[in-house]
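Me: Could you help me learn to read a structure like this one? I would like to go feature by feature.

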Amino acid sequence: MNRIVFLITFLIHGTCVANDEFTQLTKSIYCPSCQGQVLDESSSPVAIEMKNQIQQMLGSGKSVEEIRQHFTAVYGEKILLKPALGTYTYPLWLAPFLMLGTILFIMLNRMRFLKKRNSVKSTTEGHV
Amino acid sequence: MIGMALLSLSSFLALLQFILPSVKKVSGSAWGPKLIETLAAATAFMIGSAFFYLIYVFASSDLSFLNVALNSHSASELLYKISGVWGNHEGSMLLWLVLLTSISTVFGLQRRVPQNIRMRVLQVLGAISLSFHLFILLISNPFVQLHQTPKQGMGLNPLLEDPALTIHPPILYTGLALLSVLFALACVGLQRGQLDKAWAKLMRTWTLACWCFLTLGIALGSWWAYYELGWGGWWFWDPVENLSLLPWLVITALLHSLIVVQNSSSQKFTAPFLAITAFLLALLSLFLVRSGALSSVHAFAVDPLRGSFLALIAVCFTLYGLRSLFRFRTEKSFEQPYILSREAFLFLNTLLLFSIAAIVLIGTVYPLILQITTGRIISVGAPYFSTTTLPFFLMVTILMAASPFVSWQQARLSKSISYVGTFALAAFIATTYVKTGWPVIACLFLAASFSIFLATILDLARKLMARKQIALHYYAMSLAHLSIAIVIAGAVIDSFDKIESVYEIKQSGAIEFNGYHLTLDKVDQIRAPYFQREAAFITARKGEASIQLNPEKRYYPLHEMITSETDIKAVGLADIYAVLGTEDSHNGWLLKLHWHPAIRLLWIGAGLMVLAGFLGFVASLRGVKSE
């Protein structure tokens with residue numbers, strides 16, 4: 001499950017996410033004092049302080065995951081844009097797969113797959 | 001007093017509009033339907049008068065009204081005094097009722113709809129209008145008076161003092177009122193077992209009108225977020241944005257599924273199901289936003305009673321919708337469509353759009369549910385929504401590119417599909433080659449956008465060359481698909497090619513940004529009536545061309561709020577976007593600059609979408625007349 005989510009995330013965000021650790025962090029953490037604004041976009045005092053902190057921590061050789069955990073410990077999980085994968089978020093991450101499965105199931109059940117030569121009179125042109 | 005009297009009177013009329021169609025003596029008589037129509041018009045007139053009275057009270061800054069005192073300031077411009085009427089919870093609910101009753105009146109005037117159906121639809125609309133009348137009278141009264149008149153009003157939330165936000169609520173509420181008509185039409189159609197071609201045709205007209213307003217409302221909201229928030233983005237997957245997207249997705253699916261009902265009389269359950277779902281989603285959104293469950297600029301002051309009442313309304317109409325849906329009886333089994341037929345494509349499109357709506361809904365309400373059940377607080381932000389919905393959107397674009405080449409009922413693919421397929425592959429390879437930094441999905445989307453463009457043009461050209469008459473609605477459909485291709489191209493290019501930088505700029509100092517040489521001429525302090533402004537004067541030069549940029553910062557002492565007024569100047573399809581930051585200790589100013597290479601495509605595309613919807617609407621009206 002983890003791998004699948006990672007693979008899809010990689011396909012969608014690809015290299016744009018991975019280019020540098022600082023932006024990767026500031027784009028995945030909310031500014032705690034501003035409504036719905038990402039750290040990267042915010043210039044509030046708290047956000048600037050946090051960005052400085054991130055720079056320091058990266059300088060002292062901490063990993064992206066460690067820094068993320070540090071801020072989660074301070075401000076709570078709600079600071080992360082993307083909720084972590086755990087039993088409590090399984091429904092969230094499984095939802096798209098469930099929808100895809102339902103679509104496949106309905107399409108396979110409701111549609112015909114064999115061509116029928118003597119089909120009904122064409123109405124394509126009539127529609128146009 | 002006047003306001004309350006008008007409100008009570010119109011509530012009584014709404015009650016009659018709801019009850020009388022169930023009275024045999026009225027509904028059976030020749031004058032019954034006429035009476036109900038008159039009642040609908042009278043309700044609209046009464047509630048309209050109450051609304052104009054509220055506008056008058058706001059425009060004349062009558063501070064003896066609590067609502068005026070809280071949301072208006074006598075020094076602000078007349079436009080914002082008036083838009084203050086719907087810049088708050090109570091007034092916006094009144095506006096929604098005005099639009100609902102007006103649209104009910106218009107529906108009552110439609111002579112082409114059979115009289116008894118018209119009456120039943122007006123009854124359902126009467127129920128909706130009555131429940132919101134009660135909501136306003138009991139817990140959202142905009143006419144509460146103060147014992148002591150304050151000296152000055154609190155003023156409108158500065159973020160809402162904006163032209164786009166002046167028209168954004170009326171447009172969205174019109175969309176919502178039209179959703180109510182679709183809901184009523186679907187319920188009545190189900191109950192009477194009349195989901196025939198005539199029903200689909202009527203639904204189509206109203207669905208197109210609704211689609212136009214929802215599209216325009218979302219586009220305006222997005223445009224506002226782009227220039228007002230100063231974050232440089234236009235879509236943040238913020239809970240309220242998400243909720244506004246839900247009915248739009250479902251209505252788009254409905255539009256396509258109605259084509260199937262009109263052409264092959266199959267999939268009859270899908271269309272009413274979608275219409276009912278769209279309205280219920282809108283009610284759910286209203287509940288989530290106005291109860292304060294989701295915090296946003298739309299939430300206004302929070303009151304638990306409000307939430308409970310709105311929840312009650314939502315539950316009542318959900319039960320009614322479900323009851324209507326259970327009335328559906330499958331008619332004689334029809335032949336299953338072939339997987340590569342147009343019906344199948346349209347059906348798959350419906351399923352995909354519906355799934356996107358479901359995922360967005362789950363992502364938006366999941367944190368709330370988790371918090372209530374386990375107390376754990378998490379956020380679900382943009383990365384979740386883009387990761388989960390973009391693959392579905394991509395499938396929709398592929399269907400769009402292929403759709404002109406499949407036929408109704410038949411298992412026949414046009415040969416041109418292979419040209420488009422080859423082109424799509426070539427476009428994809430070319431994009432990955434040119435845009436090396438882009439992720440795979442961005443290249444796929446850009447290729448899909450080009451392919452939709454090519455497919456639609458090819459299809460029109462083929463029909464014109466064969467000297468076939470092309471109906472107006474076909475042009476509308478083609479234009480809608482072309483404009484979506486334009487929106488996709490704009491969105492993809494902007495998301496992955498935009499440049500953002502923060503600079504420190506000093507008085508008469510200079511910086512280099514994306515080939516531009518920028519100088520800060522001065523920063524002026526200006527006192528406006530009830531806020532203070534700091535306006536920067538910046539000149540950006542590139543070769544011969546020079547652009548003036550005047551980003552501002554405003555401080556509103558009343559709200560203790562700082563807003564930034566961005567300055568955005570167009571350069572062809574691109575935007576140069578400047579946000580003024582704070583002054584630092586050594587006389588420099590922080591300046592945030594963005595380069596949005598193709599953002600204008602997004603707005604042009606959105607405008608064309610609305611135009612296409614309008615053309616389709618006109619075509620559907622014409623089609624009715626000619627029959």
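Me: What pLDDT does chain B average?
Reply: pLDDT is the predictor's confidence in each residue, from 0 to 100. Where it is low, the predicted coordinates should not be read in detail. Chain B averages 90, and 97% of its residues score at least 70. For the complex, the predictor gives an ipTM of 0.85 and a pTM of 0.91.

Me: How many helices and strands does chain A have?
Reply: Helices (H or I, at least four residues) and strands (E, at least two) are DSSP runs, numbered from the N terminus. Chain A has six helices and zero strands, so its order is α-α-α-α-α-α from the N terminus on.

Me: What share of chain A is buried?
Reply: A residue is buried if 20 or more other C-beta atoms, placed from the backbone, lie within 10 Å of its own. In chain A, 20% of the 128 residues are buried.

Me: At what angle do α6(B) and α8(B) cross?
Reply: Axes are lines fitted to C-alpha atoms, for helices over the stretch in contact, and angles run from 0 to 180 degrees between N-to-C directions. Helix α6 (residues 89-108) and helix α8 (residues 163-192) of chain B have axes that come within 9 Å and cross at roughly 45 degrees. Angles under 35 degrees count as roughly parallel, over 145 as roughly antiparallel, 65 to 115 as roughly perpendicular and the rest as oblique. α6(B) and α8(B) are therefore oblique to each other. Residues making this contact (C-beta atoms, placed from the backbone, within 7 Å) include Trp96(B) of α6(B) and Tyr173(B) of α8(B).

Me: And how do α7(B) and α8(B) cross?
Reply: The axes of helix α7 (residues 115-139) of chain B and α8(B) come within 9 Å and cross at roughly 125 degrees, so α7(B) and α8(B) are oblique to each other. Among the residues that meet here are Arg120(B) and Val124(B) in α7(B), and Ala184(B) and Cys187(B) in α8(B).

Conventions. Residues numbered from 1 in each chain as written. Chains lettered and ligands numbered in written order. Predicted model: local features only at pLDDT ≥ 70, side-chain atom pairs only at ≥ 80, totals over all residues. Buried ≥ 20, exposed ≤ 12 C-beta atoms within 10 Å, placed from the backbone. Contact = placed C-beta atoms within 7 Å.
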